[in-house]
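Have the structure open as you read.

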Amino acid sequence: MKAALLVLCACATGGDGTPLPENPARLRVLTYNMNFGVAGDRAGVDAIASAAPDIAVLQETNDEWERAIRCR
């Protein structure tokens, strides 16, 4: 199995040293360990929904978790 690594960096200046705009575009990333032993747990599903991420990286998922998240 190959692993992928995503690295996100935040900088105070642009690549040429100029300040970033006051309201730069944002990307909300969430990482969450679902715990396959309590698949479909409402608190877990609600936590993801309330964070409103653009990208969610989930660990310990299974078919039951997928159904619960899609239904929400």
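Leaving aside residues up to four places away in sequence, Gly-44 touches Tyr-32 and Trp-65. The model is a predicted one. Gly-44 is found in helix H1, and it is buried because its relative accessible area is 2%, where the cut-off for buried is under 20%. Between the C-alpha atoms of Gly-44 and Ile-69, which lie 25 residues apart along the chain, the separation is 9.0 Å.

Which residues of H1 are buried? They are Gly-44, Val-45, Ile-48 and Ala-51. These residues are on the same side of H1 because they cover an arc of only 135 degrees around the axis. The face turned away from that buried side carries the exposed residues Arg-42 and Ser-50. The cover over the buried residues of H1 includes strand S1, strand S2 and H2.

| Residue | Residues touched |
|---|---|
| Gly-44 | Tyr-32, Trp-65 |
| Val-45 | Gly-40, Trp-65, Ala-68, Ile-69, Arg-72 |

Now to the core. The largest nonpolar core has eight residues: Leu-30, Met-34, Ala-39, Val-45, Ile-48, Ala-51, Trp-65 and Ala-68. Helices H1 (42–51) and H2 (63–71) each supply at least two residues of this core, and H1 gives the most, with three residues.

Methods:
Residues numbered from 1 in each chain as written. Predicted model: local features only at pLDDT ≥ 70, side-chain atom pairs only at ≥ 80, totals over all residues. Heavy atoms only, no water. Core = buried A, V, L, I, M, F, W, Y, C linked by side-chain atoms within 4.5 Å. Buried < 20%, exposed > 50% of the residue type's maximum accessible area, 1.4 Å probe, protein only. Helix = DSSP H or I, 4+ residues; strand = E, 2+ residues; numbered from the N terminus. Contact = heavy atoms within 4.5 Å. Arc of directions from axis to C-beta.
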